[in-house]
Amino acid sequence: MNIIETDRLILRKLGVDDAEFILDLFNQPSFIHYIGDRGVRTLEDAKRYILAGAVTSYERFGFGLYLTLLAEGQIPIGICGLVKRDSLKDADVGFAFLPQYWSKGYAFEAASAVLVYARNTLGLKRILGITTPDNQGSIRVLEKAGLKFEQMVRLSEDDVELKLFASEV
Ligand SMILES: CC(C)(COP(=O)(O)OP(=O)(O)OC[C@H]1O[C@@H](n2cnc3c(N)ncnc32)[C@H](O)[C@@H]1OP(=O)(O)O)[C@@H](O)C(=O)NCCC(=O)NCCS
């Protein structure tokens, strides 16, 4: 079942059948640099991540990160959705796409649709966004989607400082 449809994209829940795509995405150098190394090295790791991460989030919060596909051809190109972390009061919008699909406006299109969904369907009042300070692409996507920089934050004491953006959606 599709969660969100835009002009060019479909967002739907991740399942264990998407393990091969997640294995590819999570091992992209850009993903490891800007988001982190989730230690997903095998199809089994990817399946475990999907179940423990995305699927658990759908069950616990009613939202999570969604597989993002091109509507034309149903080709998976990335993930986009909402994450609720213990360390932040509100959910944050997250996204990552395979490099061959960058700079086509897909991250903005997906993130904007997630914000509308968060407000209209989930009834969330405030959505956050977090990025490393050097992630110009992500910062641009968040700002273009209407989020504003608030402050620097650390998700845990020994973690790096991140830029926190927020939107009263
Ligand atoms: C960050 C990322 C999601 C951007 O995706 P994208 O699909 O290329 O972004 P879009 O095409 O929707 O671009 C939206 C805007 O950001 C700008 N932008 C995108 N990448 C940029 C970059 N590296 N530097 C500066 N601006 C950038 C675009 O020019 C566009 O702005 P404009 O409309 O004013 O021209 C993508 O590079 C990615 O997946 N990176 C790796 C994972 C990651 O960093 N995720 C975010 C973690 S917080």
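What covers the buried residues of helix 5? The cover includes strand 5 (92-97), helix 4 (106-120), strand 6 (127-131) and strand 8 (162-167), with contact meaning heavy atoms within 4.5 Å. This is a predicted model: local features need pLDDT of at least 70, side-chain atom pairs count only at pLDDT 80 or more, and totals for chains, interfaces and linings use all residues. Residues are numbered from 1 along each chain as its sequence is written, and side-chain values use heavy atoms, without hydrogens and water.

**Helix 5**
- Helices (H or I, at least four residues) and strands (E, at least two) are DSSP runs, numbered from the N terminus.
- Ser138, Ile139, Val141 and Leu142 are the buried residues of helix 5 (136-144); buried means under 20% relative accessible area, exposed over 50%, partly exposed in between (1.4 Å probe, protein chains only).
- They lie on the same side of helix 5, because their arc around the axis is only 160°, taken from the directions from the helix axis to the C-beta atoms.
- Glycine 146 follows helix 5 with a positive phi, near 100°.

**Aromatic pairs**
- Rings of Phe, Tyr and Trp (its six-membered ring) pair if their centres lie within 6.5 Å; planes under 30 degrees apart count as stacked, over 60 as edge-to-face and the rest as tilted.
- Phenylalanine 61 and phenylalanine 63 are stacked, 5.8 Å centre to centre, with 20° between the planes.
- Phenylalanine 149 and phenylalanine 165 are edge-to-face, 5.8 Å centre to centre, with 70° between the planes.
- Phenylalanine 149 is partly exposed at 39%; phenylalanine 165 is buried at 0%.
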